[in-house]
Amino acid sequence: MDQQVIKRFLKRKVSVFGGLIIIMFILTAIFGPLVAPYDPLQQNLANSYKGISSDHLLGTDNLGRDTLSRLIYGARISLGISLASIGLALIIGVSLGVTAGYYGGRVDNLIMRFVDILLAFPGILLAIAIVAILGNGLVNTMIAVAIFSVPDFARIVRSSVISLKETEFIEACRAAGASDIRIITKHIIPNSLSPLIVQATLMLGTAILIASGLSFLGLGVQPPNPEWGAMLSQGRELLRSSPLVAIAPGAAITFVVLSFSLVGDGLRDALDPKLKN
Amino acid sequence: MLRFIINRIFQVIPVLLGITILVFSMLHLIPGDPARTMVGIEASAEQIEQAREELGLNRPLHEQFFSFVGNAIKGDLGESIRTSLPVTEEILNRLPITINIAIGATIFATFFGMLFGIIAAINHNKFGDGLTMVISLLSVSTPSYFLGLLLMLVFSLHLGWLPTIGISTPIHYILPIVTLGAQAMGLIARMTRSGMLDVLRQDYIRTARAKGLPERVVIYIHAFKNALIPVVTVVGLRFGGLLAGTVLVESVFAVPGIGRFMVEAVLIRDYPVVQGTVLVVAVSFVLINLLVDIIYGLLDPRVRYT
Amino acid sequence: MTKELLEIKNLKTYFFTDEGTVRAVDGVDLELNKGETLGIVGESGSGKSMMSLSIMGLIPNPPGKIVDGQINFKDKNLCKISKSEYRRIRGNEISMIFQEPMTSLNPVFTIGKQIMEVYKHHQGLSKAEAKEKTIEMLKLVGISMPERRIHEYPNQLSGGMRQRVMIAMALACNPELLIADEPTTALDVTIQAQILKLMDDLKHKLNTSIILITHNLGVVAQTADKIIVMYAGKVMEYSDTKSIFKNPKHPYTEGLLDSIPKIDKPVDRLSAIPGTVPSSNDFPTGCSFYPRCKYAMEICKEKGPDLIKLEDDVQVRCWKYIEEKTFVSKDHHSEKV
């Protein structure tokens, strides 16, 4: 069955392409320090505002920092935030969703109303409100993005729990005397994995968008950290003199987001061929 | 129909209440003492006490909440710490710019999104289809704060056609509107395309052709109205999202709208302004969605009668 | 005088798909006189619906295409006329009603608008005139309180009502030819009879010719003057209604007749024809009905028979009859083949 999923996924060329781009970025993030030509924080005022050259493939900024090196180190921060916040969101969202779906009734009502209210804050607004409470910085950005992503996971898990709960095999487990915890961890969660994987992949892209957006506004990761959004914010000021400082991280965000959504779409088609069309 | 509308309105009330509670609790969720956070570390004990008094933090919690809600309903959102002006007034001064941009972006996104979607559907699996879908995919993935900078780079700095920042003349609106609308345009194009493709396969389209109607009537009236229904929902939901999206776009183009106002307030910890702006945007979002639902009901008789 | 209203010659409508060429209609000839009703009978996949869409010029292209033949309607060959000319004929001189009245009406427009549209585009009537005519038409098809009904949406009507609306829409401009593709299949039995009677009444009132397409011979028994039995894109038998019921010639027709439940004879189950219509791109060589035919002979497997004339109004495509004839004329001795 798993082989079939992989086979179906490989059939979609654009998704495979997206997957390769993501792998490339992840490798960059891991081995960044080995490949980056310069220290991303190293200032060299004599070398500022440089264009593309063999020394600086993507030029330098106003402080003479190498843009390519900053971009490479930025991959670490941006992908790191994205993975960590989606991981956190998965834990919270799945717990909420399972609790709501499995126990139903008042618990369900309470949790889902709460989720509804979170969803009533459109787009980046929720993340901004959370940062307003917690303050800026790397960890708070992660938390803000995580909470922003919780509602989607909670909803998906809840609906698949509800549809699973009444199936015969869960009834059978219950009749066999399995505990709730056991049923949930051994049966319900594994069975709602497909939609979760798809959603998590799609949300990884969104997480980068939101986190970089916060940093761009000055509410997320702070300079001189080479987070992509923070770089863009800095690049906005240098648009006239060294546009590459903005273009490089912007293009990186676009490619990563695009790739995650291509992979997510591919996974959806591969995991659930019925959903297609 | 009336019952449908009333029903929807009643469903919205708890959400509005929840938003208010959440916005109210923002102040109380701040780690440590909000009054101290606000006035700064070097502030004297008196200053902190004064800030606490101004924020009403000395009163019992439930009293604070009810006065917050009561005042909010009356349109009183407190005073800005920085300017000492009423938050409501400050918001109202900036709101028109934000609404103009959001409406402009909605019109831009709807018009071009539907146009591209229809072109793609009519040219299904041909070049026009592929091109429009690539454009829409890119526009969905490009963050607005990057797209805005790119457009500024090309149209303002290189070509010199459009102004860079600010919002003093109508021409200044063009780039913010395009930047904000691009993502929604991509989504609308995709939805219109798949909706049209689906509808064009339906029996009633065959009937319309069998009646001898001209092809443009078949496509732009019979098919389009059916394909429009899901698109309207997206447009509506997007409009609410666009209001939030202005936060980023206003920062790119240094536009003095409500989004920029909110971000500045967060940066300087002007909590009454933060609460006020967040409340206004979230409530508008919910009310717009309510309106969209009702329009959806008006458009599609099937929703009304089931 | 019986001048033909419609004459189809050697019509071939093929679909070019990835899996190969599907010969949906494969060399059909037919004639229809003014005021006549022609029944086209066959199972799904026999090409009868593609026949009707070919006449309407509504074959989805790609992948479908009329590759050969003529459709002469009055004095025009419909295969040769321009798109706009065709559009003026559709819904005006030739109309069509479909099997699913639910999905064939546009759900987001009132039925009034959907009928008025026809008047607007074909007769250029004003809104008020079109409305008046629409109400008249709805009355004619037996819809009560038409003034009020025109403001209703298709989902507010019952299946039978919807089909009446479809008929009103089709007959709005008093067409000379009405094509009804399985008009009663999706309806309850009692409603079926009503709709068939309505169509027959209107035919006499408006002097319309009808092509009635169905899989059920029972449906055409009372109303059709002549019947064509189609199988795998070809005409298998052509006959007047009386003869076909009294004395079916083709083995396929026999099978179809046997599958009609009869009130006077107790049957345990319908003796349906075994097998299904072969998907048209893998038609066997030889007679396409051969794999399911109970009279199958050696020759049937090798070569497809031609349509031959048995009597004045009776034609059949089967070796059974060709054998007899050739054999009567050529060889008097070997009685048993």
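Chain A and chain C do not touch, and their nearest C-alpha atoms lie 19 Å apart. Contact here means heavy atoms within 4.5 Å. Two pairs of chains are in contact, and of these chains A and B share the most contacts. This is a predicted model, in which local features need pLDDT of at least 70 and side-chain atom pairs count only at pLDDT 80 or more, while totals for chains, interfaces and linings use all residues. Residues are numbered from 1 along each chain as its sequence is written, chains are lettered from A in the order in which they are written, and side-chain values use heavy atoms, with hydrogens and water left out.

Chain A has eleven helices and zero strands. Helices (H or I, at least four residues) and strands (E, at least two) are DSSP runs, numbered from the N terminus. The C-alpha atoms of chain A fill a box of roughly 75 × 45 × 30 Å along the principal axes. Of the 277 residues in chain A, 54% are buried. Buried means under 20% relative accessible area, exposed over 50%, and partly exposed in between (1.4 Å probe, protein chains only). Among contacts in chain A between residues at least 6 apart in sequence, 72% join residues at least 24 apart.

The surface of chain A comes next. Chain A exposes about 12500 Å², and carbon and sulfur atoms supply 64% of this area. Accessible areas come from the Shrake-Rupley method with a 1.4 Å probe; for residues, only the protein chains shown count as cover. Chain A carries 22 positive and 17 negative charges, whose mean positions are 3 Å apart. Lys and Arg count as positive and Asp and Glu as negative, without His and the chain ends; the place of a charge is NZ of Lys, CZ of Arg, CG of Asp or CD of Glu.

The positive patch gathers B:R216, C:K113, C:K120, C:K127 and C:K131 on the surface. Helix 4 (111-123) and helix 5 (127-140) of chain C each supply at least two of its residues. C:K120 sits in helix 4 of chain C and is exposed, with a relative accessible area of 53%.

The negative patch consists of B:E53, B:E54, B:D76 and B:E79. B:D76 lies in the loop between helix 4 (61-74) and helix 5 (87-122) of chain B, and at 37% relative accessibility B:D76 counts as partly exposed.

Terms used
Patch = residues over 30% accessible without salt bridge, like charges linked within 9 Å, V, L, I, M, F, W, Y side chains within 5 Å. Salt bridge = Lys/Arg side-chain N within 4 Å of Asp/Glu carboxyl O.
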